[in-house]
Structure formats: C-alpha cells, structure tokens
Amino acid sequence: MRAKLQPLLAMDEVGEIALVRRTPLDLPGVRSYCPPRFLRDFAPLAEPWRLLTVLWLCLRGRAGDFLVSFYLLPHALYADLARRLFGIRTIPVTISEEDVKLGLSRWPYKGALAAAHAVGVRGAHSGRLLEAAGIPADRIFNPPNLYDPDLYFHDPAVAKDIDVLYVGNLVAVKRLDMLLDAAARLAAARPGFRLALVGDGILGADLKEQARRLALGPAAEFAGARPFEEIPQWLRRSRVFVMTSEMEGLPQAMIEAMGCGVPVVLPDTGDVTTLARHGENAWIVSPPTVDGFVEALGRLLDDPALHRKLSDGCLAMREQFRRDYGIDGAVAEWRKAFRLSG
C-alpha cells in the first residue's frame with residue numbers, strides 16, 4: 001500500500017489521504033481509519049465497519065474529490081455505493097487478472113467500472129480486456145506501484161548464495177506448493193541447492209509442513225516478512241527469481257528483481273508479459289506445471305550463458321523502469337486519471 005500511495009502523496013494537487021483499511025499505515029500525509037483491533041480479523045464485522053466508515057467520510061465531506069479503490073472485491077462496490085449516494089467520483093484500480101475477470105463477469109462490478117471516472121490497470125493485457133468489454137480507452141490508465149531504481153540495482157560484488165528466491169505473500173493464489181515440489185526435485189539433483197522464501201501469510205505453517213514432508217531441510221529457508229529496505233540485498237544474493245502464481249497483475253517484485261539483474265521464471269498470467277520477454281529477460285513457463293518449473297529453473301541454474309543473457313536483458317530494462325515506474329511516470333499516470341494538467 002505504501003508503494004501505491006506514494007505517487008499520490010508526491011502530487012501538489014493531493015492533500016491528506018483518508019485511508020480506510022483493516023490495519024493502519026504509518027505514512028506522512030495519510031490518515032488511517034481502521035476497525036477496532038478486536039474486529040480487524042473478523043470479516044463479518046470488519047467489512048461493515050469499513051463500508052460505514054467510507055459512507056461517514058463522504059457524509060462529513062472528508063472523502064475529498066475522488067474515492068480510489070484498490071481491488072474490486074469488495075472495495076469497488078463500497079466506492080460505487082458512495083458514488084450513488086453522494087455523487088463522488090470513483091477510480092477503481094484493478095490489481096490482477098482475477099480482478100479484471102471479476103469486473104467483466106459480475107454485474108455489480110461491471111456497473112462500478114462503467115460508471116467510474118477512470119479505471120486503473122496493471123498492464124497492456126488488462127487494458128485490452130477492459131476495452132473489449134466497452135470501457136473507453138481514454139478512461140483507462142496504468143498506475144504503477146512506486147519503483148526506486150536507486151534501491152534496486154545489480155552489484156557483481158555480492159555473492160550469489162541463493163539459487164532461487166521468492167518474495168511475496170504466502171497465500172493460495174501464489175501456488176507455492178508447486179514451488180516446493182519443484183524445489184525438492186531440484187535439490188535432489190543439485191547438492192547444496194538453496195531456495196529462499198521471503199514473506200508471510202496464512203499458508204506459512206502449511207508450507208513449512210510441506211517442506212518437512214519433502215525433506216527439504218536447509219534447502220528451503222522461510223525468511224518471513226522482511227523490512228522493505230532488506231529486499232534489494234536478498235535479490236542481489238539470488239541467481240533466479242521465481243513466481244508460480246495462478247493469477248497476477250504486473251508484479252512489483254518481478255520488476256524489482258529484474259532491476260537487480262536477476263532473471264525471472266514465471267507463468268504467463270495477467271500482465272507479466274508487458275515486461276517479461278521469454279528468452280530475453282525471463283523464462284515463461286506455459287502451462288505452469290511442476291515439471292515446467294523444474295525444467296526452467298534447472299536450465300537457468302545449469303546454463304551460465306543463458307543466465308547471463310537473461311540477466312543482461314533485465315538490466316537493459318532499467319531505464320524503462322525508471323521512466324515508467326519511477327516517481328515521474330507514476331505521477332503522470334495519476335494526473336491522467338484525475339484529468340489534471342501537468
């Protein structure tokens with residue numbers, strides 16, 4: 001959320017942001033409105049609290065000129081109800097392919113998108129899907145999470161002591177069960193193989209139990225959630241970055257890995273191919289199977305020339321990342337959405 005809001009906070013036209021969220025965000029310029037602690041993890045009460053808070057902010061004139069909702073379920077519906085009641089303009093931002101498909105398949109979400117002031121997408125594929133469904137192209141924009149190229153860079157002096165790295169939430173849609181199955185086969189064929197998973201989530205205990213059953217031992221490190229300042233060093237220590245997700249948008253972690261010159265292995269889902277080009281800076285696994293990930297990861301680990309080619313391809317994208325996903329590019333996209341002049 002920090003990376004999503006920082007471009008807005010960098011705009012002179014934006015004052016304080018009222019953030020309705022289950023947990024507070026400590027960020028200058030953001031006022032968090034959160035359910036009482038005892039309600040936060042109980043959705044049947046936490047969600048009505050958040051909806052009523054959105055409506056209360058609108059009623060009191062504290063919602064500003066726009067309601068921005070990240071994810072369609074349920075946030076776009078909350079914003080659309082406020083639009084109907086108070087006439088406030090809405091900007092729903094889709095996050096993943098699953099989000100876009102939901103918006104195109106269910107009537108409440110289709111209505112929320114059709115009535116929105118602007119609609120955010122993660123990349124070209126999602127934009128084409130919305131255009132085909134009747135959303136005008138001039139109402140579609142691409143708001144990036146803020147990328148700092150000065151943090152994510154290649155350092156050849158850093159030892160590559162991690163073979164395969166995953167950074168993200170430990171949740172079902174990421175299909176990390178497939179990654180652990182693939183890691184077990186890679187470890188059996190490669191003494192000293194090491195997989196690191198950086199992140200936390202509701203499947204943490206289940207995945208650790210799966211790693212125990214697979215006898216991965218020291219071959220799989222669960223590093224837990226790490227401060228964002230540490231992530232660049234984890235990336236620089238890694239030979240390959242992997243995602244095994246069923247659904248994605250345009251993953252920020254993928255961009256950060258490529259900025260560090262780390263080739264990415266991932267499925268063809270969502271908007272990943274906006275930047276990930278098979279055989280140039282990435283290896284696309286299609287269809288996404290355990291066999292496919294074993295083959296792709298093994299090829300990159302065993303073929304130094306291919307690894308170097310893809311690493312060079314990642315580094316060649318850095319100027320595009322700086323232009324399109326740095327602060328200037330992010331602010332320009334939000335200005336496009338707000339219809340504000342430069």
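The model is predicted, so local features need pLDDT of at least 70 and side-chain atom pairs count only at pLDDT 80 or more, while totals for chains, interfaces and linings use all residues. Residues are numbered from 1 along each chain as its sequence is written, and side-chain values use heavy atoms, with hydrogens and water left out.

**Overall build**
- The secondary structure comes to 14 helices and 12 strands, taken as DSSP runs (helices H or I of at least four residues, strands E of at least two) and numbered from the N terminus.
- Along its principal axes, the C-alpha trace spans about 65 × 45 × 40 Å.
- Of the 342 residues, 51% count as buried, a term for under 20% relative accessible area, with exposed over 50% and partly exposed in between (1.4 Å probe, protein chains only).
- Among contacts (heavy atoms within 4.5 Å) between residues at least 6 apart in sequence, 65% join residues at least 24 apart.

**Cis peptide bonds**
- Most peptide bonds are trans.
- The bond from Leu-73 to Pro-74 is cis, with omega near -5 degrees, and Pro-74 lies in helix 3 (residues 72-86).
- Ser-286 and Pro-287 are also joined by a cis bond, with omega about 0 degrees; Pro-287 is in the loop between strand 12 (282-285) and helix 11 (290-302).

**Positive phi**
- Tyr-71, in the loop between strand 3 (66-70) and helix 3, has phi near 80 degrees and is partly exposed at 40% relative accessible area.
- Arg-175, in the loop between strand 7 (162-167) and helix 7 (176-189), has a positive phi of about 50 degrees and is partly exposed at 25% relative accessibility.
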